[in-house]
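Biologist: I am new to this structure. Could you take me through it, one question at a time?

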Amino acid sequence: MTRRQINQMSLKFDSRSNNESFARQTVAAFAAQLDPTIDELNDIKTAVSEAVTNCIVHAYREQMGYITVTVRLFDTNEVQITIKDRGCGIPDVKQAMQPMFTTGDSERSGMGFTIMESFMDRLRITSRQGMGTLVTMTKRISMRPKRDG
């Protein structure tokens, strides 16, 4: 079955920590077109928060950069979210995806990718050192019965 894109939006913003909330809320508002449950919206917001925070904390570390978030909605009731940075890149993606692994300080849990994986249906990470990272997450939204009205 081929899926057809029905809508798309993109954001580009500075890698400032206060923009994480902006990204989370904006993605959730856009995804609301698919009529997700509150739990599905919360899953999306949590995964976006983790991905954007990774860009801020790990990709750019002590420097400022840009984060680009693109959201695509499909007629299969799926939402695909890509979060891209042009930061330092991840030397070993497989290692970075291991629970408890972090390149951050002792305040970091090392659970970001694990959380993204648990809240989304699919997670793909591609990264090149010195070039940046692209995180692609997909979630299928449950089809709820249409309300008469």
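Predicted model: local features only at pLDDT ≥ 70, side-chain atom pairs only at ≥ 80, totals over all residues.

Biologist: In what order do the strands of the open sheet run?

Modeller: The sheet has five strands, with antiparallel pairing. Strand S1 (5-14) and S4 are its edge strands, as each pairs on one side only. Neighbouring strands are turned by 10° against each other on average, direction ignored. The order is S1-S2-S3-S5-S4.

Biologist: Which residue in S5 stands opposite arginine 122?

Modeller: S4 and S5 pair in the antiparallel sense, over seven bridges. Opposite arginine 122 stands threonine 138.

Biologist: Is valine 135 buried or exposed?

Modeller: Valine 135 has its place in strand S5. Leaving aside neighbours within four places in sequence, its contacts include Phe113 and Met116. Ile81, Thr82 and Ile83 are also among them. Its relative accessible area is 6%, so valine 135 is buried.

Biologist: How far apart in space are valine 135 and valine 48?

Modeller: In sequence, 87 residues separate valine 135 and valine 48. In space, C-alpha to C-alpha, the distance is 9.9 Å.

Biologist: At what angle do the axes of helix H1 (residues 19-31) and helix H2 (residues 38-59) cross?

Modeller: Two packed helices are described by the angle and the distance between their axes. The axes of H1 and H2 come within 9 Å. Their crossing is right-handed. The angle is roughly 145°.

Biologist: How many residues of the contact of H1 with H2 are nonpolar?

Modeller: H1 brings residues including Ala23, Val27 and Ala28, and H2 brings Leu41, Ile44 and Val48 among others. Three residues of the contact are polar and three are charged. The nonpolar ones number nine.

Biologist: Which strands does H2 touch?

Modeller: H1 lies across S1, strand S2 (66-74) and strand S3 (78-85), at about 170° to S1. H2 packs on the sheet too, and its direction makes about 10° with that of S3.

Key
Residues numbered from 1 in each chain as written. Heavy atoms only, no water. Axes fitted to C-alpha atoms, helices over the stretch in contact; angles between N-to-C directions. Helix = DSSP H or I, 4+ residues; strand = E, 2+ residues; numbered from the N terminus. Left-handed = near helix turned anticlockwise from the far one by under 90°. Contact = heavy atoms within 4.5 Å. Nonpolar A, V, L, I, M, F, W, Y, C, P; charged D, E, K, R; others polar. Buried < 20%, exposed > 50% of the residue type's maximum accessible area, 1.4 Å probe, protein only. Pairing = 2+ DSSP bridges.
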